[in-house]
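Q: I am new to this structure. Could you show me how to read its features, one at a time?

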Amino acid sequence: MVLPVIIFDFDRTIIDDDSDRWVINQTGLTDLFNQLRTTLPWTSLMDTIMQQLHSKGITTNNIKQCLKTAFLHPNIVSAIKSAQSLGCDLRIVSDANLFYIQTILEHHGILGCFSEIYTNPTFVDEKGCLHVTPFHDSLSLPPHDCHLCPPNMCKGLVIDRIRASLAETETRFIYLGDGTGDYCPTLKLREDDFVMPRKNYPLWNRICSDPKLVHAKVHDWSSGEELENILLNLVKKISHVA
């Protein structure tokens with residue numbers, strides 16, 4: 001039996017909010033964010049926000065407590081647990097950051113359901129300040145030249161890497177996402193793969209604007225209940241066909 005590799009975006013896909021903006025709004029830095037939004041690349045902006053939080057005495061533990069209040073639909077939690085229990089390989093490809101993602105997943109008891117998390121790295125310095133660095137900013141991950149993606153992360157290249165690491169005959173993908181950054185990896189999917197865009201969000205709009213460019217079968221969703229039903233039905237379909 002062949003089971004799919006299920007790849008989730010994080011913000012507005014696993015959680016209902018954007019984790020970066022959630023922390024910014026909850027900690028009162030919305031005005032600063034709006035002032036800097038057009039002047040810095042996203043990861044540099046988030047790193048600056050982290051430094052501002054630290055200067056205000058907001059600790060990493062305070063940030064964790066804030067993240068734990070972000071909404072994660074219970075049906076999405078159960079969908080993740082069910083897919084993992086069936087033997088699927090679950091991964092996250094996200095333009096959020098590792099600290100945020102791990103904190104939220106651990107809080108909901110599903111961190112262990114994912115075999116890999118591809119996102120912007122984080123570290124805490126000697127003063128206790130959290131820092132965010134770009135995913136594509138190392139010797140092993142040099143800058144990319146994809147015109148569809150932001151400079152810090154090309155999700156399409158991550159899909160290529162995942163596919164190359166797996167046995168070709170056993171690789172079937174289900175990709176779930178919502179944003180413009182999820183369009184590039186969607187174009188990497190093949191005819192026997194599936195993409196689940198969140199309805200009326202940027203990825204869905206982009207797919208609908210020219211459906212012929214997408215080879216994968218499209219199943220849109222709007223709610224946690226729909227995500228769970230569609231995802232688990234696709235898992236069953238793939239395993240039965242295989």
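**Reading the predicted model**

A: The model is a predicted one. Let us begin with a helix: α3 (residues 42–55) has 14 residues, which at 1.5 Å a residue should span 20 Å, and its end C-alpha atoms are 20 Å apart, so the two values agree.

Q: Which residues of α3 are buried?

A: The general idea comes first. An α-helix has 3.6 residues a turn, so residues three or four places apart point the same way. In α3, the buried residues are W42, T43, L45, M46, D47, I49, M50 and L53.

Q: Are F8 and F114 buried or exposed?

A: F8 counts as buried because its relative accessibility is 1%. F114 also counts as buried, at 9% relative accessibility. The cut-off for buried is under 20% relative accessible area.

Q: What lies over the face of F194?

A: K217 does, at 5.6 Å from the ring centre.

Q: How is a pocket found, and what is the volume of the largest pocket?

A: Rolling a probe the size of a water molecule over the atoms shows where empty space is left. The largest pocket has a volume of about 530 Å³. It is lined by 22 residues, of which D18, D95, G179, T180 and G181 are the closest to its centre.

Q: Which elements supply the lining of the largest pocket, and what kinds of residue does the lining hold?

A: At least two lining residues come from each of α1 (19–26) and β2 (89–97). β2 gives the most, with three residues. By kind, the lining divides into 11 charged, seven nonpolar and four polar residues.

Q: Where is D160 found?

A: D160 is in helix α7 (residues 155–165). With a relative accessible area of 33%, D160 is partly exposed. Its C-alpha atom is separated by 9.5 Å from that of L189, 29 residues apart along the chain.

Terms used
Residues numbered from 1 in each chain as written. Predicted model: local features only at pLDDT ≥ 70, side-chain atom pairs only at ≥ 80, totals over all residues. Heavy atoms only, no water. 1 Å grid on protein atoms, 1.4 Å probe; cavity = no way out; pocket = protein on both sides within 12 Å on 5 of 7 lines; lining within 4 Å. Points joined across faces, edges and corners; volume = space filled by probe spheres on them. Helix = DSSP H or I, 4+ residues; strand = E, 2+ residues; numbered from the N terminus. Nonpolar A, V, L, I, M, F, W, Y, C, P; charged D, E, K, R; others polar. Buried < 20%, exposed > 50% of the residue type's maximum accessible area, 1.4 Å probe, protein only. Lys NZ or Arg CZ within 6 Å of the ring centre and 35° of its normal. Expected span 1.5 Å × (residues − 1).
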